[in-house]
Amino acid sequence: MLDYKNIFSIGPFSLSKKEKDSWYYFNQKKLTAHHFKNCKEYKKITNKIYGGLNKSTNLSELPFIPSHLFKDYNLITNNNNNNDFSKTLTSSGTSGSKNSMISLDRKTSLLQSRALSIIFQDILNKKRGTMFVVDSPKIFSDSKSLNARGAAIKGFSQLVDKTVFLLDKDLNLKIDPLINFLKTNPNEQFIVFGFTSFIWEHLIKKIKNKKLISANNGILIHGGGWKKMQDQAVGRTLFNTKITSTVGIKKIHNYYGMVEQTGSVFLECEHGFFHSSIFSDIIVRDAALKISPLKKDGLLQVFSLLPLSYPGHNILTEDIGALQGVDNCNCGRKGKYFSIKGRVPGTETRGCSDAH
Amino acid sequence: MHTKFNNKIQIVLGRLMMNQKSLIIFDDKVVDFLNKIFIDIKKNKDAKNFTDLQAFGFWCRKANINVLSENYKRNKLMLGRGNILHIAPSNVPMTFAYSFVFGLLSGNNNIVRLPSRNFVQVEILCKIISNILKKKRYTIIEKKLCFVRYDKSNEISAYLSKNVDARLIWGGDQTISQFKKFDTSPRCVDLTFSDRYSVSIINADKVIKLKQEEIKNLAYKFYNDCYLMDQQGCSSPQAVFWMGRKNNQAKKEFWKHLGKIVDSKYDSDLSIMNQKITSLSRAAIESKINFNLNYKNFKLIKLKVKKTSKNIEDLKCHFGTFIEIEIKNLNELKNIITKKFQTITYFGFDTKNIEKFILNNAVTGIDRIVPIGRAFDIGPIWDGYDIVYSLSRIVGK
């Protein structure tokens, strides 16, 4: 199995492409073999479509799973040691569409939490303080399964000392805890976290007329649900401007992730690009399935070193985006960075967070 | 028409006529009207961009219709059965038009439900027909057609089904099973066009005798059969059987030429790519058939299948995906062919031998044998029916 001790000891954005490529391919190959051995569906795909396990010469030639298959099948990688499936994760899915089903065991779950923590250490101070979640506690009402929003909230809760929900069970805004916090702890760091469309609908839109007290020490982290934002033509600039003018927070980070790869999310930097960390990698493919050149739109294929109990380590998404550069982003982070444009037409909208 | 449907049903063309009198088959007035369609499509600038609309127009010309009419003996009186309901498939633009014309040629009144998707060529054709019908000369035709659109509604479909003398139900197994649930009159005739499967057979030894230009031409015809509708048409081949001693050489040449054509002509996009790789991955998981995916160009995928397996039709091949199987003689096909098989497109065979094979082996499928390049040539004989015969009332004497 993979040497996770080693993986977690590396700075998440510290490796250049040259340093990362063969190391990452080596680890992905190991993970591929693990899923090949223990997931019968993955094995069939590998044999019939890729001519067997050992045919690859680089990362792009490893067998991937088109993301829709997580809706069609309950894909499980089960090697007797890890049948302690603790939870089933589901994408929240738009009404009428099928959900993705992710069978999560304890080990994978732990790896995901740790990776998430390491990725966000990059933008958070060591002292983490309080997190205000733009969501409702009812998200945790089902003990057996968890949707993408719940999984993200749970993951981020582990990064902080205290979690406070800002919405009640009917999704009404209860802003007082945040206001009180700002009064009593004017100099303390805090985090506001939520799904992008939730922050827009239930926070920004609700307080547009009354500017909150300036919250200079806050960091806002949001992700998912960008499809809904796109439909309303809310871009990054407008979203960020509104946050600053209503909540007063200036430090805002989006992230790109999916329920199949919880943990190894792609963090948006100060310049608006998503970055792959050492846990992840990204490839852009054109209509002929070939690798797209820099800045050219294609389907995003995303990798993760974390999934052990289901074959989510190598997924072709239904999201369109373009690689924007490698190692040279102005933010200083090493590795690949990219942008996202939208969802491929003709496929049912999947939107992890477009839930209600 | 019942008034309660007034808001739900949109009449695009004509009127809901229920009691117009029937004409004889291939009535001169109908042939004249069809020829006018041919002329007007030819003249129409907007129609130029649509090869399927052009093909339909060309098919409607008098010379072609007259040739078709030769097939029907006129010593008996044959006239329309009455009112026909046509349920067109939603994914193929022009099927509704042929269906309508078959109904007209057999002398009937026609209620045609247009495809639910808004195809530009459908709009153009409706406009052309609408203009023709304004002429006094075609009043009689105007009373024999009604093009409608309505959102899926069992209520409307049931009502229409109850009041017609025949139904042409395109659009696959699901649509058919839905329509079979509706009450129809005791004498109502149903022609159903279910989900079908089609294949090609190629004589390799004949291919290698061709000049490069001829192989290219053959590949081009094959391309038209397969790629024009993303290989989704029921007569588009999904499997290719190679017969002969020089298989490898023939395959190499044929696929090479097809690859070039596909590369320059077929517009794949990210959505197609995603659907294609998703459906292939699904097939890898679900199909009992062992295949090996093979491609240099993702737009042209070959699935190598070693043995001639049963149920190859379960392996769905779309957007340029082909099962490839080598056979030594036609008889090897007898265990593969099921009732689902519709069209065999061929190269390098004598149709008599294929017919002999069907007869000798009492094969249950195959309703059509045409040369490669003619998969989409639709005619009154389709899916094993003679549609004009089936829709007409033959007065015995």
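The questions below concern a predicted model.

Q: How many residues of strand β13 (residues 341-347) of chain B are buried?
A: A residue counts as buried if 20 or more other C-beta atoms lie within 10 Å of its own. Strand β13(B) is mostly covered by this criterion, and the number of its seven residues that are buried is seven.

Q: Which residue of β13(B) is the bridge partner of B:V199?
A: Strand β8 (residues 197-203) of chain B runs parallel to β13(B), and five bridges join the two. In β13(B), the partner of B:V199 is B:I344.

Q: What is the handedness of the β-α-β crossover from β13(B) to β14(B)?
A: β13(B) also pairs in the parallel sense with strand β14 (residues 368-371) of chain B, over four bridges. Within this pairing, B:T345 stands opposite B:V370. The chain passes from β13(B) to β14(B) through helix α13 (residues 351-360) of chain B, and the crossover is right-handed.

Q: Which element supplies the largest share of the side of chain A that touches chain B?
A: The contact involves 24 residues of chain A and 20 residues of chain B. Elements that each supply at least two residues on the chain A side include β13 (298-304), β14 (314-326) and α3 (40-50) of chain A. The largest share, five residues, comes from α3(A).

Q: How many nonpolar residues does the side of chain A that touches chain B have?
A: By class, this side of chain A has five polar and five charged residues. The number of its nonpolar residues is 14.

Definitions and conventions: Residues are numbered from 1 along each chain as its sequence is written. Chains are lettered from A and ligands numbered from 1 in the order in which they are written. This is a predicted model: local features need pLDDT of at least 70, side-chain atom pairs count only at pLDDT 80 or more; totals for chains, interfaces and linings use all residues. A residue is buried if 20 or more other C-beta atoms lie within 10 Å of its own, exposed if 12 or fewer, and partly exposed in between; C-beta atoms are placed from the backbone. Two strands pair if DSSP finds at least two bridges between them. A crossover is right-handed if, with the strands pointing away from the viewer, the path from the first strand over the helix to the second runs clockwise. Two residues are in contact if their C-beta atoms, placed from the backbone, lie within 7 Å. Ala, Val, Leu, Ile, Met, Phe, Trp, Tyr, Cys and Pro count as nonpolar, Asp, Glu, Lys and Arg as charged, and the others, Gly among them, as polar.
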